[in-house]
Amino acid sequence: MDQPLAYVHVNKDRFLAELAELIAIPSVSTDPDRRDDMRRCAEWLVAHLRSLGMDGSRVISTGGHPIVYSEWCRAQDAPTLLLYGHYDVQPPDPLEQWTSPPFQASVRDGNLYGRGAMDDKGQLFTHFKAIEAYLRTAGRLPVNLKIVLEGEEESGGDSVSVFLADHKHLLEADLAVISDSAFFAEDVPSLCYGLRGNVYFQVDVQGPSRDLHSGLFGGSLHNPIQALSEILAQLHDREGRVAMDGFYDDVLPLASEEREAFSRLPWKDDDYRRGLGLAELYGEAGFSTLERLWARPTLECCGIIGGYTGEGVKSVIPSHASAKVSMRLVPNQSPAKIASLFEHHMHSIAPRTVRVTLRCLTRAEPSIVPLDSPGVRAAVAALREGFHKEPLFQRDGGSIPIVASLKHTLGVDTVLLGFGLPEGNEHAPDEFLSLSNFFGGIGTVLHFYQELHSSFLEYRHRWVRSISGMSAQKG
Ligand code: BES
Ligand code: MN
Ligand code: MN
C-alpha cells in the first residue's frame, strides 16, 4: 500500500491536469447540440483507461449516448468489482453565476471548481487514479475490475439499463461500487446506504389557440399561467404533505432504531437553515429535516414557463404554460404506480377551461443497500484509513437510478462510496470537489480494493454467501 500511496503523492499535479482535460469536454447529455461532445468524452475515457493499462476498453454505441466498458480481470483468488460512473454532466447555466468558466477547471481555496468536478467526473477519477497507482507500482490490481460508464444519468436515459440486461454474463460481479454521493459534512466522512427514487413530469397547459391582448380578452377566459398555478398550489396541503390520494400508501415507515440513528447525527437545523439563506425551513409536518430529506417522499416544481419574461411591459395572455414536476420516492414506493397516480390526480383537478397534457420524462427506483455486507465493511475500513476518521452511516435524498437495476438485473449489491460535499453546488454554478476529498478519495479507493481482496481471502465462504443474497453473517 505504501508504494501506490507514494505514487499518488508525487503525481498529484498531473492527476489534476488530466481531470481538467476531462472537465473541459462539455458532456451535457440533455443538450442535443452536445451529441458530438458526448461521444468525444466517451472516446477520451477509453483512451485514458487504455493508457492506465486496463483491458478491453471500448466505446459501445446505444440508442442514446455511448457507454464505456473496460476491465482488468487478471486477479486470481480475488472478488470481482463492478465500478459504475457517469460521464455526462448537468447543463452549466446560469453561466453568469460562475466565478470561473464551468468547463475550465480552476483551483481556488483548496477546491477544484468546474461542471462535473463533483458530479461525477472528479469522483470517478479517484478510481482511475487508484487503478493507475496499482498498475504502475505493483503491476496488478487487488481485485478483478469491470467498469461501466454511462452518458445518460443526468437526463434520465435508459440505455444503461438495457445494456445491463443484454450483458448479464459480461457484467457478472460480486459487488458494485459507485462514487457519486457526498460526505455528511466537510471532514465528516460517511457511507451512504439509501437513495430516493424519482418520477419527473412535464406538465403542459394549453389555453387559447394563440396569444391574446390581455386588455381586449382579459376577463373572458382562464389564463393558462393562472390555471397552472392553481393546479400546482393544490399539490400540497397546509401541513406540507403531498395532497394526492394514495401518494403515501406504500411508504415504508422508518424503524425506530433508524429514526434514532438519524437523530444522533451531528446535525443542526439552524446551521442548515442559515447556510441556505432562509428565514425558516419548510416541510412535511411531524418529521425532522433529515427524515424529510432521506426517508419521506416529496413533490417539487423544478421549473415553470409561461408568457412574457423579457424586459419591460407586454400585456399578453399566453396561449400556453408549462411546468416540470419532480417527485422523490422512498422505499417501497413504485415509480410506475406513482406516475399513474399523478396522471389521474392531475386530470381530476385540471379545470375544464384549459387542456392539460402530461409527459413522464424520468423514472428511478429508490434503493437501500444492506449494511451488513463484506463490501460495506471494506468501505468503512477504507474510509477510516483514507480520512483518519470513523465514518458515519447516512442516507441521501438524491437518486442514482442504476443502483436498483444492478440489484434487480445482475443481483449485485452496491457500495456508495462518495467523496463530494453537501455544499459542493452539485447541479448549480460553482460546482466543486474539495482537493482533500479528491486525494483522500484516491487513498480510500486504494484501501477499499485492498480490503476487498483481504476480506475475500479470509472469509471467502461467507463473502460469497452474503453477496448472493443469502443470510449475511458478520465476518
Ligand atoms: N450524483 C447525483 C445523485 C446524488 C447526489 C446522490 C448526492 C447522493 C448524493 C446524480 O448524478 C443525480 O443527480 N441524479 C439525478 C437522477 C435523476 C435524473 C433520475 C437526481 O437525483 O436528480
Ligand atoms: Mn451523479
Ligand atoms: Mn447529478
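Helix H12 gives the second largest pocket the largest share of its lining, with four residues. The model is a predicted one, and the pocket in question holds about 230 Å³ of space. Its lining runs to 16 residues, and those that sit nearest the pocket centre are Pro 366, Ser 367, Ile 368, Lys 407 and His 408. Two elements, strand S15 (367-368) and helix H12 (402-410), each put at least two residues into this lining. Sorted by class, the lining of the second largest pocket comes out as eight nonpolar, five polar and three charged residues.

Turning to ligand 1, there are 16 residues around it, and the ones that come nearest are Glu 153, Asp 180, Arg 328, Ser 399 and His 427. The class breakdown of this shell is seven charged, six polar and three nonpolar residues.

A few polar side chains can be picked out around ligand 1. Glu 153 places a polar side-chain atom 2.8 Å from an oxygen atom of the ligand, while for His 86 a polar side-chain atom is found 3.1 Å from a ligand oxygen atom. Asp 180 pairs up with a nitrogen instead: an N or O atom of its side chain is 2.9 Å from a nitrogen atom of ligand 1. As for burial, ligand 1 taken alone exposes 530 Å², and 91% of that is buried by the protein.

Notes:
Residues numbered from 1 in each chain as written. Chains lettered and ligands numbered in written order. Predicted model: local features only at pLDDT ≥ 70, side-chain atom pairs only at ≥ 80, totals over all residues. Heavy atoms only, no water. Near = heavy atom within 4 Å. Polar contact = N/O pair within 3.5 Å; in protein donor to acceptor, adjacent residues only side chain to side chain. Areas by Shrake-Rupley, 256 points an atom, 1.4 Å probe, with all protein chains shown as cover. Nonpolar A, V, L, I, M, F, W, Y, C, P; charged D, E, K, R; others polar. 1 Å grid on protein atoms, 1.4 Å probe; cavity = no way out; pocket = protein on both sides within 12 Å on 5 of 7 lines; lining within 4 Å. Points joined across faces, edges and corners; volume = space filled by probe spheres on them.
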